[in-house]
Amino acid sequence: MNAHDTAPVPPPGCPAHGSGARVPLHGPEFAADPQAYYEYLRHYGAAAPVELAPGVEATLVTDYAAALQLLQDSGTFRKDARRWRAFNEGKVGPDSPVAPLLAYRPNCMFADGADHLRLRQAVTDSMARVDTRRLSRSTEQISGYLISQFGSRGSADLLGDYAKQLPLFVFNELFGCPADIGDRVMFGISGMFDGVNAERAAAVLFEAVGELVRLKRRKPGDDVTSWLMQHEARLDDEEMVHQLALLLGAGAEPLRNLIGNTLHRLLTHERYAREGGLIDEALDDTLWENSPMANFAPHYPAVDTELAGQQMQAGDLVLVSFAAANTGPALKASRQAGSNRAHLAWSAGPHACPSKDPARHITVAAIEHLLNELPDVELAVPEDSLTWRPGPFNRALATLPARFTPVRPGRRGEAGPAVAASGQEKPASPARPAEHKGMWSQFLNWLTR
């Protein structure tokens with residue numbers, strides 16, 4: 001046997017095949033079969049050279065133990081993206097497709113040390129005040145509204161018509177967005193993640209959040225925005241805008257994917273239907289095997305260092321593959337022994353997801369209500385015809401076509417407490433251009449008519 005017999009073979013279609021180039025985590029080939037790529041990357045050791053977009057190089061940590069070490073070592077591995085050497089040297093430009101999620105912003109995700117502790121504590125304390133009963137009521141009302149829009153058709157795209165919309169609606173309610181501001185928040189977040197005029201969409205989002213901050217300064221309410229503003233950390237207006245944009249944007253997209261991926265699992269694995277009532281188990285299995293944030297947690301070594309035998313230079317971009325770590329050999333024994341929540345899907349260390357409990361609660365409530373309303377829902381196309389959205393960070397379906405027995409539009413849920421956070425009982429008349437008059441206004445009208 002010679003060296004060529006044991007050399008790793010890139011997955012079919014991988015542009016790195018035989019070239020010695022970095023392994024690309026973009027394009028339809030990676031999206032179609034990421035596990036084949038992770039299996040290949042493991043041959044490099046605990047970390048591997050990857051390309052996130054054309055010309056954007058990174059090191060991807062694929063080993064569970066190495067990932068935990070990185071996530072918990074905030075002295076060696078920093079979050080402040082102003083350390084990103086390739087960006088500072090102009091090798092990656094602000095117009096790169098991955099720049100919106102990686103370039104520095106003054107929020108807790110990109111902060112270290114005392115700055116991070118102060119901002120993070122404000123976020124964590126504010127999110128901890130969310131009442132689960134209110135969250136359940138809001139999720140059920142919003143779910144009912146969305147189902148009423150497609151239920152009589154007998155078919156729907158459960159991604160575009162449901163999983164994509166529901167988190168944005170729930171977050172608008174939690175953060176106290178009145179109609180006009182809520183419409184623009186939804187427009188901005190959708191545009192940023194869908195890549196539809198992303199620069200303008202980001203500008204719309206930040207303008208809307210800025211207005212929300214000014215509104216809550218004048219008229220605080222019973223909502224996350226007001227709680228964050230009242231926190232002893234005393235965030236100024238700029239800090240408020242950036243924390244809120246992070247929570248709204250970075251919260252909505254992974255939650256959309258978690259709802260969609262869990263629905264996909266329920267519709268494609270017969271045992272959940274056969275055994276019944278296993279939404280929580282399907283959710284955990286999804287977090288293990290199809291994590292909505294597959295590769296993220298950008299870090300930068302503060303000095304030249306070594307991680308699990310891999311040499312890294314100060315300012316290198318290093319990411320964690322939650323998907324590869326969760327499905328690697330090291331965790332198989334742990335999962336088989338019954339430790340069903342030892343995965344890294346929520347990240348770990350000081351920057352672990354601050355909204356894990358609300359996200360889980362929303363996902364279970366959204367799926368439970370959908371299945372109660374549409375008990376015979378099933379996949380409308382062969383499973384192998386489904387396509388996954390390309391990109392290095394998210395694991396998300398493009399569509400999830402389903403069919404079911406048509407249902408007559410039901411009565412709307414009780415209004416009142418669920419819309420109190422918007423600061424109004426009836427939506428204000430939008431004074432914005434036509435594209436901003438959208439779904440949040442329609443939902444508030446539906447609740448209050």
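Mentor: Begin with one side chain: a polar atom of the side chain of arginine 120 lies 2.6 Å from the backbone oxygen of alanine 352. A polar contact is a pair of N or O atoms within 3.5 Å; within protein, one must be able to donate a hydrogen and the other to accept it, and residues adjacent in sequence count only if both atoms are side-chain atoms. The model is predicted, so local features need pLDDT of at least 70 and side-chain atom pairs count only at pLDDT 80 or more, while totals for chains, interfaces and linings use all residues. Residues are numbered from 1 along each chain as its sequence is written, and side-chain values use heavy atoms, with hydrogens and water left out.

Trainee: Which residues is arginine 120 in contact with, leaving aside its neighbours within four places in sequence?

Mentor: Contact means heavy atoms within 4.5 Å. On that basis the partners of arginine 120 are Cys108, Pro350, His351, Ala352, Cys353 and Pro354. Arginine 120 and proline 350 are 230 residues apart along the chain, and their C-alpha atoms are separated by 8.8 Å.

Trainee: Is arginine 120 buried or exposed?

Mentor: Buried means under 20% relative accessible area, exposed over 50%, and partly exposed in between (1.4 Å probe, protein chains only). Arginine 120 has a relative accessible area of 16%, so it is buried. It is found in helix α7, residues 113–128. Helices (H or I, at least four residues) and strands (E, at least two) are DSSP runs, numbered from the N terminus.

Trainee: How many helices and strands are there in the protein chain?

Mentor: The protein chain has 21 helices and eleven strands. Of its 449 residues, 54% are buried.

Trainee: What is the order of strands in the open sheet of six?

Mentor: Two strands pair if DSSP finds at least two bridges between them. The order is β1-β2-β3-β9-β6-β4, with mixed pairing. At the edges stand β1 (23–24) and β4 (77–78), each with a single partner strand, so one side of each has no neighbour in the sheet. Helix α4 (residues 64–72) packs on this sheet and touches β3 (56–61), β4, β6 (295–301) and β9 (318–321). The direction of α4 makes about 130° with that of β9; axes are lines fitted to C-alpha atoms, for helices over the stretch in contact, and angles run from 0 to 180 degrees between N-to-C directions.

Trainee: How do I follow the pairing from strand to strand?

Mentor: Take the bridges pair by pair. β1 runs parallel to β2 (residues 47–53), joined by two bridges, and proline 24 has glutamate 51 in β2 as its bridge partner. β4 and β6 pair in the antiparallel sense over two bridges, with phenylalanine 77 opposite proline 301 in β6.

Trainee: How many of the seven residues of β6 are buried?

Mentor: Seven of seven, and β6 is mostly covered.

Trainee: Where do the buried residues of α3 lie around its axis?

Mentor: In helix α3 (residues 34–41), Pro34, Tyr37, Tyr38, Tyr40 and Leu41 are buried. They cover an arc of only 160° around the axis, which puts them on the same side of α3. The arc is that of the directions from the helix axis to the C-beta atoms.
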